[in-house]
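Here is a short report on one protein chain. Look at the sequence and the structure, then read on.

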Amino acid sequence: MALSETTLDTDLSVHSTFASRYVRTSLPRFKIPDNSIPKEAAFQIINDELMLDGNPRLNLASFVTTWMEPECDKLIMASINKNYVDMDEYPVTTELQNRCVNMIAHLFNAPLGESEAAVGVGTVGSSEAIMLAGLAFKRKWQNRRKAEGKPYDKPNIVTGANVQVCWEKFARYFEVELKEVKLREDYYVMDPEKAVEMVDENTICVAAILGSTLNGEFEDVKRLNDLLAEKNKETGWDTPIHVDAASGGFIAPFLHPELEWDFRLPWVKSINVSGHKYGLVYAGIGWVIWRSKEDLPEELIFHINYLGADQPTFTLNFSKGSSQVIAQYYQLIRMGFQGYKNVMENCRDNMIVLKDSLEQTGRFNIVSKDVGVPLVAFSLKDSSQHNEFELSDMLRRYGWIVPAYTMPPDAQHVTVLRVVIREDFSRTLAERLVNDIQKVLQELDALPSKPKVSICGDDNKVVVKKTALETQREVTTVWRKFVMERKKMNGVC
């Protein structure tokens, strides 16, 4: 959630042209108005302002679902007034959530008996799911350390520097050190060997990413599991793995069923996935699944009865809407395994079309991988005249939102653009995007180039030119600072 701020150099009143049919008095911008206004006026005022928002279908920065079938939209609206937490009042919704948990657990190959129920919970998104999984790891580690009579005040998590900002939030909010494996050019995910080297007796888990937000690549969870098994055997530790499958959890089972990344690996103890990404549901739903009941400490589960019956709950939020849970169940039974497979294959095919078209321009290096989240991350082969931030900015004139960003340490000198391929991104849109990118490139080529950076000497004015890499790093740093200050953005969607 962005922090609220007011813009002092704008009018302090809200005006609407068409709403003047119903009301002539302007509204205060940052205070509740004294009197009511007609419902038609309230609708028109808000509708007029929302016209300036971007088109969600053209927001290629986001992994979040922007289209669902009308039938599901109806189910969402019919249940929008239900508070999911009131399980006694809405037992069917609770049942649908439990069905979703079990379906996803089986999809991730949880070791469940014939009649055994899966252990998991629906969340507002993967951020909350990660917080819950992290708390479970921290508590289990603390309990073990206490039983051994050892200090338990310095827990840490090992991750790659490519993790989403929610991991940094967990570490800061719940006082856990985040030990990050640095990236390097041409290798933009966590190196399993380096990660296991960083594991110590205070490590509560190693977090692997199935679908990096930076380039869509799946981390090698199988290799991580094997290396960690060797280290645990040597040291006597029980360091587990959490898989952040926010983006890839609804992709890998359908496109790469042979890939071992889930509960088939013994040291994977919990997995989170975003239903509102490739689970094909609107924003507001995530899931976290545990391998077994033993992996979720009982003392973290609260039991309440003031809503009518004994209700176990393990969430950071209390009240939340039922709509997204119902929408997830709709998608799971509506699509089925083959339906999800068809959607993911179509996304992959459109990704390949876009990637090939960008390569054919001869202007870009492709940073993303074919095996991973269906997205295309790419950078300019020659950024000496104009860079990726300029290209991103000019594409907005055509309605496209294509993010440009720098990689984390130690690859921060690399800048990329990223296009996420969702279900609603067609091949026609891919072709149109490439055409618009070529138009922007032609416009940039016609503009004066950036002044060459040089260092002047003292009296004799000797000029020492910087290398191309030094120039690129300096320009990238300046642009990054400019974009961060202007947009107040932190992290990548």
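## Paired strands

Two strands count as paired if DSSP finds at least two bridges between them. Keep that rule in mind for β3 and β9. This is a predicted model. In it, β3 and strand β9, residues 286–290, pair in the antiparallel sense over five bridges.

Is β3 enclosed or open? Buried means under 20% relative accessible area. Four of the five residues of β3 are buried, so this strand is largely enclosed by the rest of the structure.

## The chain as a whole

The secondary structure comes to 12 helices and 17 strands. The chain has 493 residues, and 49% of them count as buried.

Contacts also reach along the sequence. Take those between residues at least 6 apart in sequence. Of these, 69% join residues at least 24 apart.

I285 sits in the loop between β8 (268–274) and β9. Is I285 buried or exposed? It counts as buried, because its relative accessibility is 1%, and the cut-off for buried is under 20%.

Which residues does I285 touch, leaving out those up to four places away in sequence? The list includes T123, V124 and G125. It also holds S274, G275 and H276. Q324, V325 and Q328 complete it.

A129 gives another view of I285. These two residues are 156 residues apart along the chain, yet their C-alpha atoms are separated by 9.7 Å.

## Backbone exceptions

Most residues other than glycine have a negative phi, and most peptide bonds are trans.

Start with N109, in the loop between α3 (91–107) and β3 (119–123). Its phi is near 60 degrees, a positive value in a residue other than glycine. N109 counts as partly exposed, because its relative accessibility is 34%. Next comes E175, in the loop between α5 (165–173) and β5 (177–181). Phi of E175 is also positive, near 55 degrees. E175 is exposed, with a relative accessible area of 64%; the cut-off for exposed is over 50%.

From P409 to D410 the bond is cis, with omega near 0 degrees. D410 is found in the loop between β14 (404–406) and β15 (415–420).

## A cavity inside

How many cavities of 30 Å³ or more are there? The count comes to one. The largest cavity has a volume of about 70 Å³.

Its lining draws on several parts of the sequence. F63, V64, T65, T66 and W67 take part. So do K277, Y278 and L280. R422, E423 and D424 are in the lining too. By class, the lining of the largest cavity has five nonpolar, two polar and four charged residues.

## Cysteines

A disulfide is a covalent bond between the sulfur atoms of two cysteines. How many disulfides does the structure hold? The number is zero.

C72 counts as buried, because its relative accessibility is 1%. C100 counts as buried as well, at 0% relative accessibility.

Methods:
Residues are numbered from 1 along each chain as its sequence is written. This is a predicted model: local features need pLDDT of at least 70, side-chain atom pairs count only at pLDDT 80 or more; totals for chains, interfaces and linings use all residues. Side-chain values use heavy atoms; hydrogens and water are left out. Helices (H or I, at least four residues) and strands (E, at least two) are DSSP runs, numbered from the N terminus. Buried means under 20% relative accessible area, exposed over 50%, partly exposed in between (1.4 Å probe, protein chains only). On a 1 Å grid over the protein atoms alone, a cavity is a set of points where a 1.4 Å probe fits but cannot get out, and a pocket is an open set with protein on both sides within 12 Å along at least five of seven lines; lining residues have an atom within 4 Å of a point. Grid points are joined across faces, edges and corners, and a volume is the space filled by probe spheres set on the points. Ala, Val, Leu, Ile, Met, Phe, Trp, Tyr, Cys and Pro count as nonpolar, Asp, Glu, Lys and Arg as charged, and the others, Gly among them, as polar. Contact means heavy atoms within 4.5 Å. A disulfide is a pair of cysteine sulfur atoms within 2.5 Å.
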